[in-house]
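Me: I'd like to go through this one with you, starting with the aromatic residues and then moving on to the strands. Can you take my questions as they come?

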Amino acid sequence: MIPFDHLPGAKQWVSGLPLLVAHTGPIWVFGQHGSGVSTIAQWIARQRNSVVIEFNFLDGLLSWLNDNPRGVVASKQSIDSIGAKFYLDFLELRLWDMDEDPSALPNCLEYLASQEGIDPPFPPALFSLPCRGNLKELRNRLIRWQLLGQLPEPSLGNHNPQLLDTEDIASNLHILERTLLHRALKRSYGNRAEAAKRLGICRRQLYLLIKRHGDPLRGELPISSGLKRMAKIRHNLNSGGNQN
């Protein structure tokens, strides 16, 4: 595990760890995927001689707390966001995203590289933001660069020469959809379940997108061009405009 004082936002929360350990009630540790939630929660639990539970469902949590009054919950959500404000005994610890504290990225990357046996110098692209997936994404970047020579792709926006070349909304939506799909597949190393999760869609929707735009990692070409769909979008847009 990366030393705590290397982690994003550590200056804001590391000094409070002794208070969490000494707290007589339960602890709620939360943060985005890959930010170290499970590792920090397990460390706190060991210091308190208590146990950790990965939060998935609200049902059963009260029963678990009755059996483990000094237990530690690891979650991707805050207490307020799941509507559990009645758990007033909890102390919360929110772990920061890498994007919130870019100054932490170099130390984290160099430490992960030493764990993987990867020697510097490192390409500047490895230190780029955004870093979706936080520490997990950083480790994946290093391994992908070492084994495949792949570097993170630049952020969307003006970096995509095709995007916004015209003012046609349907064409731009089609290009943006393809860009997001291919980026998610690459960042997931071709794992389609993870790509669907990154895109916030179900597996069936992902396969429809792959049919429309192809999968560059598996060398699959588009089966449908999407022209009918683009024509339908244009028709709907024009119809809406005429109604106004």
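Me: Which residues form one aromatic cluster?
Reply: In this predicted model, one aromatic cluster is made up of F4, W13 and W43.

Me: And how many aromatic pairs does the structure hold?
Reply: There are six aromatic pairs in the structure. One of them is formed by W28 and F90, whose ring centres are 5.2 Å apart and whose planes stand at 90°, so this pair is edge-to-face, the angle being over 60 degrees.

Me: Where do W28 and F90 sit in the chain?
Reply: W28 belongs to strand β1, residues 27-30, while F90 lies in the loop between β3 (72-75) and β4 (91-94), so that the pair links distant parts of the chain, 62 residues apart.

Me: Buried or exposed, those two?
Reply: W28 is buried, with a relative accessible area of 0%, and F90 is buried as well, at 9%.

Me: Switching to the strands, what stands opposite W28 in β3?
Reply: That is V73, and the strands concerned, β1 and β3, run parallel and are joined by four bridges.

Me: Which residue of β3 is the bridge partner of I53?
Reply: The partner of I53 is V73; β2, which covers residues 52-54, runs parallel to β3 and is joined to it by three bridges.

Me: Which way do the residues of β3 point?
Reply: V72 and A74 point one way from the strand, whereas V73 and S75 point the other way, and all of these residues are buried.

Notes. Residues are numbered from 1 along each chain as its sequence is written. This is a predicted model: local features need pLDDT of at least 70, side-chain atom pairs count only at pLDDT 80 or more; totals for chains, interfaces and linings use all residues. Side-chain values use heavy atoms; hydrogens and water are left out. Rings of Phe, Tyr and Trp (its six-membered ring) pair if their centres lie within 6.5 Å; planes under 30 degrees apart count as stacked, over 60 as edge-to-face and the rest as tilted. Helices (H or I, at least four residues) and strands (E, at least two) are DSSP runs, numbered from the N terminus. Buried means under 20% relative accessible area, exposed over 50%, partly exposed in between (1.4 Å probe, protein chains only). Two strands pair if DSSP finds at least two bridges between them.
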